[in-house]
Every structure is written in structure tokens, then in C-alpha cells.
Amino acid sequence: MNAFQLSRLFAVDFLRHRLNCLLLVCFPIVFVLVSADALTDFARVLGGHTGHNMMGSFSAAWAGAISAGLGAYFSTSRTRGADHLVDLRTARWDISIARLALFALVGAGCWGSALAALRVCTDVNVTLQIAVGTGLLVGTYGCFGAIVGSLVHDELTGSLALVGVWMLDVFLGPAMGGGSLRLAALVPSRPSSEVIMSGVDGFPTALLGGIVWLSLSLIASFVLLDRQVAHAAVAWTRAKFEVKPVGQRDPGRHPVPVGSQDSRPIGRPAAELTRSTIRTYARNRLLLLVLLATPVTFVGVSFFMFTGVQVQVPAVIDNQAVLLTMAMPKLHGAYMGYMTVSFLSAVTGLFVVIRSREADSRLIVSGYRRRSILIVRLLTVAAASCIVSLAALLVGFCGFRPENYGLFVVAYLLGSVTWGCIGAAFAPVLGRVGGTLCMLLLPFLDVGIAQDYMLGPQLPAWSEGLPSAGSVQVLIDSAFSTSFHSATDIALASGWLLGAVAAATGVLLLSLRTIANFSIMNGLPE
């Protein structure tokens with residue numbers, strides 16, 4: 001079987017997941033539609049390229065890039081264990097080439113969708129520079145997705161790392177005024193952004209830099225994909241010829257009859273599962289590093305990046321409503337960490353549920369109650385959200401002092417746990433690819449656009465009906481007001497939290513019931 005035949009098989013397998021394909025294509029359209037105007041306002045505040053046409057071009061390139069990156073990442077991570085099946089009759093290079101051909105197909109779809117969104121949702125004329133620059137960025141992030149998928153086995157860690165790099169790339173790129181930092185010269189989007197911004201004379205020089213980035217990432221992804229195939233074949237060969245000692249207990253056998261219930265009080269098995277889950281996540285040091293480093297990096301960079309920018313924020317001083325004029329780093333100390341935490345909590349809640357499905361099946365067959373499993377999953381989501389919030393709070397307090405520390409922490413926790421439960425509720429419905437894209441888009445629409453005082457002191461009217469409306473108002477009030485005026489907002493944020501918990505509980509109970517019915521009828525594979 002040659003590379004062409006394999007690429008056809010991989011493409012057919014990828015296209016079978018129609019929802020994922022639809023979301024990968026639709027994400028750039030929705031992202032450009034909701035973000036072009038807001039990004040234009042934000043770039044104007046920061047001193048970047050303020051033209052609506054220019055920001056529309058950048059938003060399309062960014063959306064196509066992350067769509068291609070996530071598509072390549074999940075394709076690589078999900079097929080890691082199956083590469084040995086084709087390796088037995090196929091050269092390793094053919095498998096790697098076929099994988100890259102699939103990623104090129106996915107990237108072409110994301111690229112076409114991004115350009116179509118640019119043409120339909122804005123009044124931008126798609127020039128050669130825009131088309132080539134968008135293609136270079138989409139191809140680069142497609143290779144990044146393959147690289148991360150080859151190196152990081154845990155899907156939660158890998159997706160957070162990939163999207164974290166993308167978000168940092170966006171903020172440090174030339175479009176957002178990040179060119180003054182030395183670190184900005186190393187971001188992947190800089191050559192592509194220069195291609196998009198270049199005229200006829202500067203196009204060849206900018207194109208060379210984009211081709212260099214794409215070539216290096218392509219070579220690295222090919223080498224790592226080939227290494228992954230080799231490791232998969234070796235692991236399969238060892239497992240196949242491993243000799244099991246006589247009398248050794250088969251781990252597939254269960255100590256209790258299938259379908260029986262644990263007779264102990266619900267608290268005891270829930271406590272056991274909680275301790276086991278904590279040990280499991282504590283062993284994943286790379287995940288903990290990503291969860292802690294992402295908010296620290298974003299808040300830290302924002303302190304150094306926007307020092308000369310002034311914004312206005314509403315506050316209550318001596319029982320009078322005023323507009324405070326302050327430097328952007330002061331607002332970022334209160335808000336940038338919350339924005340990062342919202343996304344991290346949503347994606348973490350999503351993957352806590354997704355990655356526990358197989359374990360939940362085994363626990364149900366082993367006799368654990370569905371309520372015990374549900375409690376542990378919700379506690380895991382809440383604990384992860386709190387850990388991320390504490391990391392953001394600690395780094396934020398290094399450069400910012402809120403007026404009311406207690407309410408400030410409460411606002412963080414209300415928002416992060418709410419988004420974690422929202423991610424958990426979406427997990428059984430959307431899966432990995434679609435869920436990650438939606439958990440990137442929804443917090444961005446809510447926290448990054450609707451509730452963001454960086455775009456202006458007056459929020460849009462429709463922002464009041466979104467999940468972060470109450471918690472953001474509590475956050476801003478506790479950060480800058482000298483007295484407490486947020487009782488209604490706390491009630492609103494608490495209502496959203498209870499609603500998110502109820503939605504996650506209902507969806508998870510339905511999912512656990514489905515898993516239980518399937519497991520009891522079929523048992524577990526040997």
C-alpha cells in the first residue's frame with residue numbers, strides 16, 4: 001500500500017466525522033463575523049493596524065490557522081495507536097507522507113473557508129498578499145498541530161498548549177501592536193502578517209520569511225510523525241509477543257458481577273474515586289505546567305506590552321459613578337487573567353468528561369454508582385478551575401492590588417467554575433474537535449468581546465445575557481470601586497453557576513446512563 005492509497009483511506013476516515021468537518025469549516029466564518037469589528041477597536045486602542053480591512057484579513061488568517069492546527073493535532077493524537085496496523089505492510093515514510101497529505105487537505109479546507117469568510121462577512125477584496133499570507137499561516141499551524149500531536153500524548157495538555165501558543169501569537173503579532181517587544185520577532189505569525197501587510201515591493205522579502213517558517217515546521221512534523229510510527233510498531237510488536245505467566249490474573253476480569261451496585265454509602269466510593277483521580281492528574285506534570293504557565297504568561301506579557309495605553313473603566317467612588325482613566329496594565333491585572341482562566345476552565349471541563357468515558361464504563365461495570373462517578377467528575381472540573389484561577393490571581397497580584405480582595409477572588413472562582421461546567425456539559429455533544437473550537441469561541445465572544453472594557457467604557461446591551469456578565473461586573477467593582485455595589489451581579493453570577501452545574505449534571509447523568517446500558521449489555525473487551 002503506497003502513500004497515495006493511504007492518504008485516500010485517511011481522508012475517508014476523517015470525512016466520516018461530519019460534525020467535526022462542519023465545525024472546522026464554519027469556525028473561521030463565525031470567528032470573522034463576530035470578531036472583525038471588535039479586533040479593529042482593540043487594535044486601535046493598542047496602536048496596531050487599525051483599518052477594518054486589515055483586521056478582517058488578520059482575523060480570517062488566525063481562525064483558519066487554529067482550525068487547521070486543531071484538526072491536524074486531533075488526527076495525529078487519535079491515530080497514534082493505529083499506525084502499527086499499516087506499518088506492517090507499508091514503508092514508514094509512506095505513512096508519514098499520507099498523514100501530511102491529510103493535513104494538507106484539512107488545511108486547504110480551512111484556508112478556503114477563511115478566505116470565503118473574509119469575502120462574505122467583510123468588504124475586503126482578497127488580494128494575492130492576503131491569500132498567500134493566510135495560506136502560509138494555515139500551513140504552519142497545521143504542521144504545529146502534527147508536532148504537538150506527536151510529542152504530547154494527553155489530549156487536554158496538547159490542545160491547551162496549541163491554543164495557548166496561538167493566543168500568544170495573536171497578541172504578540174504586528175496586528176496587535178506587539179512589534180515593540182523582542183519576543184514578538186519569534187512568533188510564527190510575524191512573517192505571514194508581513195506578507196498580508198506587504199505591498200508589491202515588499203512582497204518577495206516577506207514571502208521568503210513565511211516560506212522558511214513553513215519549511216522548518218514541515219520538516220519537523222515529518223520527522224516526528226515518522227518517529228511516532230516507528231514507536232507504535234515497536235510497542236505493538238512487544239505487546240503481541242509478550243508471554244503472560246501461568247496463573248496471572250487477567251486485568252480484564254472484574255471482582256464483582258456485571259451490573260451489581262456498590263452497597264456502601266455514596267460518600268465512601270466517591271472519596272475513593274476522588275483520591276484516585278487526584279493522583280492520576282497529579283502524575284501528569286506537563287498538564288499542571290500548562291495549566292499554571294498559561295495564565296502566568298499572558299498576564300505577565302500584558303504588563304510589559306501595553307504600558308503606554310490608557311483606557312477608561314466605570315467605577316463607584318464615594319457612592320458616585322465615575323469613569324476612571326488608567327493604564328492598560330492595571331486593567332489587565334484585573335481582567336487578562338480572568339479572560340485566560342475562562343478559556344482554560346472551559347476546555348479543561350470538556351476534556352475531563354471526554355477522557356473519563358472509558359474509565360466510567362469500567363467503574364460502572366465494577367459496581368460503582370452513577371451518582372458517585374458524577375460527584376467525582378464535577379469535583380474534578382471545579383478543582384481544575386480553581387487551580388487555574390489561583391495561578392492567575394497570584395501573578396495578577398504581583399502587579400495589581402484590587403480594592404476588595406475577597407470579592408475579587410469570588411468573582412474569579414464564580415466565572416472559572418461556571419465555564420468549567422459549561423465545557424463539561426458540551427463534552428458528550430460535541431466531542432474533541434468541535435468542543436475545543438466551541439470552547440475557544442464562546443469565551444472569546446463573551447469575555448473577550450461582550451464584557452471587555454478594553455474596547456470601551458460602554459458594554460453592548462446583549463452582553464447582559466451571557467454567562468460572564470455577573471462575574472465580570474463583580475470583578476471590576478471589587479477591583480476599582482471603594483464600596484460594595486455588586487449584590488445583584490453576585491446573584492446573577494451565582495444563578496449562571498447553578499444553571500451550568502445543573503446542565504452539566506443532567507448531561508453527565510444521561511451520558512452515564514447510556515454508558516451503563518451499553519456496558520451491562522456488552523461487558524468490557526478482554
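Biologist: How many of the 12 residues of α16 are buried?

Modeller: This is a predicted model, in which local features need pLDDT of at least 70 and side-chain atom pairs count only at pLDDT 80 or more, while totals for chains, interfaces and linings use all residues. Residues are numbered from 1 along each chain as its sequence is written, and side-chain values use heavy atoms, with hydrogens and water left out. Buried means under 20% relative accessible area, exposed over 50%, and partly exposed in between, with a 1.4 Å probe and protein chains only. By that rule α16 is mostly covered, and its count of buried residues is 11.

Biologist: What does α16 reach from its first C-alpha to its last?

Modeller: Helices are DSSP runs (H or I, at least four residues), numbered from the N terminus, and α16 takes in residues 469-480. The expected span is 1.5 Å times one less than the number of residues.

Biologist: Which residue meets Arg 355 in a salt bridge?

Modeller: A salt bridge is a side-chain nitrogen of Lys or Arg within 4 Å of a carboxyl oxygen of Asp or Glu; the structure holds 3. Arg 355 is in helix α12 and its partner in the loop between α6 (128-151) and α7, so the pair ties together parts 201 residues apart in sequence. Arg 355 is partly exposed at 34%. At 2.6 Å, N to O, the partner is Asp 154.

Biologist: How many residues apart in sequence are the parts that Arg 432 and Glu 155 tie together?

Modeller: The side chains of Arg 432 and Glu 155 form a salt bridge at 2.3 Å, N to O. Arg 432 is partly exposed, with a relative accessible area of 30%, whereas Glu 155 is buried at 14%. Arg 432 belongs to helix α15 and Glu 155 to helix α7, so the separation in sequence is 277 residues.

Biologist: Which helix holds both Glu 194 and Arg 190?

Modeller: Glu 194 and Arg 190 form a salt bridge, with the closest N and O atoms 3.5 Å apart. The two residues are 4 apart, about one turn of the helix, and both lie in α8.

Biologist: Which element gives the most to the lining of the largest pocket?

Modeller: On a 1 Å grid over the protein atoms alone, a pocket is an open set of points with protein on both sides within 12 Å along at least five of seven lines, a cavity is a set where a 1.4 Å probe fits but cannot get out, and lining residues have an atom within 4 Å of a point. The largest pocket is lined by 20 residues, and those nearest its centre include Arg 355, Arg 432 and Glu 155. With 7 residues, the leading contributor is α15.

Biologist: What is the volume of the largest cavity?

Modeller: The count is 3 cavities of 30 Å³ or more. Grid points are joined across faces, edges and corners, and a volume is the space filled by probe spheres set on the points. For the largest cavity this gives about 320 Å³.

Biologist: What distance separates the C-alpha atoms of Met 305 and Phe 171?

Modeller: Met 305 lies in helix α11 (residues 285-305) and is buried, at 8% relative accessible area. Phe 171 is among the residues closest to the centre of the largest cavity. Met 305 and Phe 171 are 134 residues apart along the chain, and their C-alpha atoms are separated by 9.2 Å.
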